[in-house]
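Have the structure open while you read.

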Amino acid sequence: MRSRRASKGLLEGAGLTVMAHFAKQRYRRLSIHLERFCPSLKRCSAACAALIFEALESFQMTPLVFVSTNGLQMAVQVAEPVGPLTDRPAVLLLHGFPELAHSWRHQMHALAAAGYRAIAPDLRGYGDTGAHGEVADYRMANLAQDVLGLLDALGIAKAVVVGHDFGGALAWTLARDHADRLHGVVSLCTPYTRRTDTDLAETMRRTRGPDNYMVFFQTPGAGEALLTANLDTLFDRLMRRPAMSIDEFNQRSVHARALPADLFLGVPELMGERFLDEAAIAHYTQAFRRTGFTGPLNWYRNLPRNWADTEGRPDQVTVPALMLCADRDCFLPPSTTRGMEHIVPDLERHTVSDCGHWMQQERPEAVNRLLLDWLQRRMPTSDR
């Protein structure tokens, strides 16, 4: 255990000004916080834990840094580890659509407090990174090079990669094609699947019809017009807890079950209570007002290229893997993970109850608990 002076110096070295108070009342507050976000830190002394708590209270997200990688300047949030454990591997957090590094704000706190270097970029096309290149530059193979270049620039030989939604697809791509750079992979909602006879957009066209959002987004300008016209209310209406179970959703109309693009505008009968606060809604809205949606939608427009790029490649993921599902996710229900163990042999799976698609924001306590438990059991000390 580090001394109080050493712990304080560590925090100040990470750019945090810490004024620690060790009153019993504050330590009781800390105990509740640790139980919720970081169970592994309960063993810390009151002095050490209070320093960590003060650090957590002092920031909502770390300041942006810009990193040169693969021909772009990537905007990145980096939370350096605090507390007595600082030899654990870096954890790279990859967001989905339509999200940002901000989507990982709850995990950044918990990971840093548990001794992990937490790194959350705005991926190509998003946020302060912005749009770069032509449509083909958003293919998975090139997005993987963005991430590998980021690791190189930060001096990280190997990392644990965590992805949600489309970020989960990118995480699986890295695990399959660049396993030498990963300690392990975690996916929230997005399963790893074998290469099928058609690309995903065509598969959705055949199985769900032309109204499906992935099919709709293939047409340049269509998704941009729909989402931009509704930007002021988009995130408030979209990022909500689901109002029904998957079984209930499967009883809805054919149009609803097709997952149409207008689902992103918020369908009242499907969307339940909100979980974002006003500050988070404003953060997303302002970011997409600056950048627009073309860059993010270009990820979807590369589904045919991604399929072509994977021809002849092995399907298996051999690194340790954690799959977290949400029991009310109508976009990517837990049933989509069936059979994954045959192509991801070192797989651990969990389902978060009473949770929809935006799980790391909707149920941060449950996600953090499962993520930290797996990291501490399965991951080695850092290579950085």
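Phe 97, Asp 165, Tyr 213, Phe 264, Tyr 300, Phe 331, His 357 and Trp 358 line the second largest cavity. Keep in mind that this is a predicted model, where local features need pLDDT of at least 70, side-chain atom pairs count only at pLDDT 80 or more, and totals for chains, interfaces and linings use all residues. Residues are numbered from 1 along each chain as its sequence is written, and side-chain values use heavy atoms, with hydrogens and water left out.

**How the spaces are found**

- Rolling a probe the size of a water molecule over the atoms shows where empty space is left.
- The search uses a 1 Å grid over the protein atoms alone: a cavity is a set of points where a 1.4 Å probe fits but cannot get out, while a pocket is an open set with protein on both sides within 12 Å along at least five of seven lines. Lining residues have an atom within 4 Å of a point.
- Grid points are joined across faces, edges and corners, and a volume is the space filled by probe spheres set on the points.

**Cavities**

- Searching the whole structure turns up two cavities of 30 Å³ or more.
- The second largest cavity holds about 50 Å³ of space. Its lining splits into six nonpolar, one polar and one charged residue (Ala, Val, Leu, Ile, Met, Phe, Trp, Tyr, Cys and Pro count as nonpolar, Asp, Glu, Lys and Arg as charged, and the others, Gly among them, as polar).
- The largest cavity comes in at about 180 Å³. It has 18 lining residues, with Pro 242, Leu 270, Met 271, Arg 328 and Cys 330 nearest its centre.
- Strand E7 (240-242) and helix H11 (246-249) each put at least two residues into the lining of the largest cavity, and E7 gives the most, with three. Helices (H or I, at least four residues) and strands (E, at least two) are DSSP runs, numbered from the N terminus.
- By class, the lining of the largest cavity has eleven nonpolar, three polar and four charged residues.

**Largest pocket**

- About 1200 Å³ of space sits in the largest pocket. Of its 39 lining residues, Ala 169, Pro 191, Thr 193, Leu 200 and Leu 303 are the closest to the centre.
- Helices H5 (140-153), H6 (166-177), H7 (200-208), H8 (213-216) and H15 (303-309) each supply at least two lining residues. H6 gives the most, with six.
- The class count for this lining is 19 nonpolar, ten polar and ten charged.

**Helix packing**

- Two packed helices are described by the angle between their axes and the distance between the axes. Here, axes are lines fitted to C-alpha atoms, for helices over the stretch in contact, and angles run from 0 to 180 degrees between N-to-C directions.
- H5 and H6 pack at about 80°, with axes 10 Å apart. That makes H5 roughly perpendicular to H6 (under 35 degrees counts as roughly parallel, over 145 as roughly antiparallel, 65 to 115 as roughly perpendicular and the rest as oblique).
- In that pair, Met 140, Leu 143, Ala 144, Val 147 and Leu 148 of H5 meet Phe 166, Ala 169, Leu 170, Thr 173 and Leu 174 of H6, where contact means heavy atoms within 4.5 Å. The classes are nine nonpolar, one polar and no charged.
- H4 (residues 105-113) and H17 (residues 364-378) pack at about 40°, with axes 10 Å apart, and are therefore oblique to each other.
- His 106, Gln 107, Ala 110 and Leu 111 in H4 meet Pro 364, Val 367, Asn 368, Leu 371, Leu 372 and Leu 375 in H17. This contact has seven nonpolar, three polar and no charged residues.
- H10 (residues 231-238) and H13 (residues 278-291) pack at about 135°, with axes 9 Å apart. H10 and H13 are therefore oblique as well.
- Leu 231, Asp 232, Phe 235 and Asp 236 of H10 touch Ile 281, Tyr 284, Thr 285, Phe 288 and Arg 289 of H13. By class, that is five nonpolar, one polar and three charged.

- Most residues other than glycine have a negative phi, and most peptide bonds are trans.
- The peptide bond from Phe 97 to Pro 98 is cis, with omega near -10°. Pro 98 is in the loop between strand E3 (90-94) and H4.
- Cys 189 has a positive phi, near 80°, and is found in the loop between strand E6 (182-188) and H7.
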